[in-house]
Amino acid sequence: MGLIVASKNFFFDLLDFVFPNFCILCNKKVLRNLFSICDDCLNSLEMSNQKDIDEFYYHNLASYKLIINFYSKYEFVKEGNFQKIIHQLKYNGKSKIGLLLGQELGKELLKHKWFEEIDLVIPVPIHRFKKLQRGYNQSSLIVKGINSTTKKVFNENAIKRIRNTQTQTHLGLHERMENVKDAFKVVKKDEIFNKKILIVDDVCTTGSTVHEIARTLLDAGAKEISLATLAFVKEKDFSIKV
Ligand SMILES: [Zn+2]
């Protein structure tokens, strides 16, 4: 056993020596098992505060009366460090970042009373074509990270995206709502029935996508819907690429 551990460590040491691993933000050398981001950079991400979370919830989510709790760990600032990190996750194949940030989000969720009552965690589904293209659903990775720190049950396949919607970057709020209308379908009704569900997404801009998912889940018999995202866009700049 000791020998196996020792040789495994030796293997990783050798790998780090031959192919050094660098932090994706500052380029400092990091060990292979540290998700390619150093502690200093992880701590430099723009943290949210309760006042901004409450304001975002009030302006974007509360009036639809579909999502009853909301938490987000970071604020998405244009050109900020969080944006650089999330683009590595979404557009540059750095999938482990999703697990790491999911773990960080999970630690914060444990501090919220309403989170204790969540029965099931569901990632925002992406269309199978996009999954083929990207290789993974980034929200599923975040959910797995949350599971590793909170042990909350999750299901990646309870709901699926049946329409591959166009990118929402240049659409206004009303167009976004139309764009995602009827884009989702509950596949496993018995698994969501009467459950208090937490939807998980990477970044929340206007909430149009998560509202459509919440509506679809409630129509299929879910009891209550909450939302957790890594970050939210405070500035109402619909052209920001998230
Ligand atoms: Zn760094």
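The exercises below work through one predicted model of a protein chain, each with a solution in steps.

Residues are numbered from 1 along each chain as its sequence is written. Because the model is predicted, local features need pLDDT of at least 70 and side-chain atom pairs count only at pLDDT 80 or more, while totals for chains, interfaces and linings use all residues.

**Exercise 1. Find the domains of the chain and state what separates their centres.**

Step 1. The domain assignment, whose bounds come from an automatic or database source, gives domain 1 (1–44) and domain 2 (47–233).

Step 2. Taken over C-alpha atoms, the centres of domain 1 and domain 2 are separated by 30 Å.

Step 3. Across the two domains, 7 residues of domain 1 are in contact with 8 residues of domain 2; two residues are in contact if their C-beta atoms, placed from the backbone, lie within 7 Å.

**Exercise 2. In which order do the 4 strands of the open sheet stand, and which strands are at its edges?**

Step 1. The strands follow the order 3-8-7-4, and their pairing is parallel; two strands pair if DSSP finds at least two bridges between them.

Step 2. Strand 3 (67–76) and strand 4 (120–123) are the edge strands, each pairing on one side only, and the twist averages 20 degrees from one strand to the next.

Step 3. Now go through the pairs: strand 3 and strand 8 are joined in parallel by 8 bridges, with Phe70 opposite Leu227 in strand 8. Strand 7 and strand 8 also run parallel, joined by 8 bridges, and here Asp201 stands opposite Thr229.

Step 4. Finally, consider how covered strand 8 is: 10 of its 10 residues are buried.

**Exercise 3. Follow helix 8 (residues 138–150) and say which strands it lies across.**

Step 1. Helix 8 has 13 residues and reaches 18 Å from its first C-alpha to its last, close to the 18 Å expected at 1.5 Å a residue; the expected span is 1.5 Å times one less than the number of residues.

Step 2. Helix 8 lies across strand 4, strand 7 and strand 8 (224–233), running at about 125 degrees to strand 7. Axes are lines fitted to C-alpha atoms, for helices over the stretch in contact, and angles run from 0 to 180 degrees between N-to-C directions.

Step 3. The buried residues of helix 8, among them Leu141, Ile142, Val143 and Ile146, pack against helix 4 (81–91), helix 5 (96–109), strand 4, strand 7 and strand 8.

Step 4. Just after helix 8, Lys151 takes a positive phi of about 65 degrees.

**Exercise 4. Is Val121 buried or exposed, and how does Lys90 count?**

Step 1. Val121, which lies in strand 4, counts as buried because it has 25 C-beta neighbours inside 10 Å.

Step 2. Not counting residues up to four places away in sequence, Val121 touches several residues, including Val143 and Ile146. Val121 and Leu198 are 77 residues apart in sequence, yet 4.7 Å apart in space, C-alpha to C-alpha.

Step 3. Lys90, whose place is in helix 4, has 18 C-beta neighbours inside 10 Å and therefore counts as partly exposed.

Step 4. Leaving aside neighbours within four places in sequence, Lys90 is in contact with Gln138 and Asp202.

How values were computed
Helix = DSSP H or I, 4+ residues; strand = E, 2+ residues; numbered from the N terminus. Buried ≥ 20, exposed ≤ 12 C-beta atoms within 10 Å, placed from the backbone.
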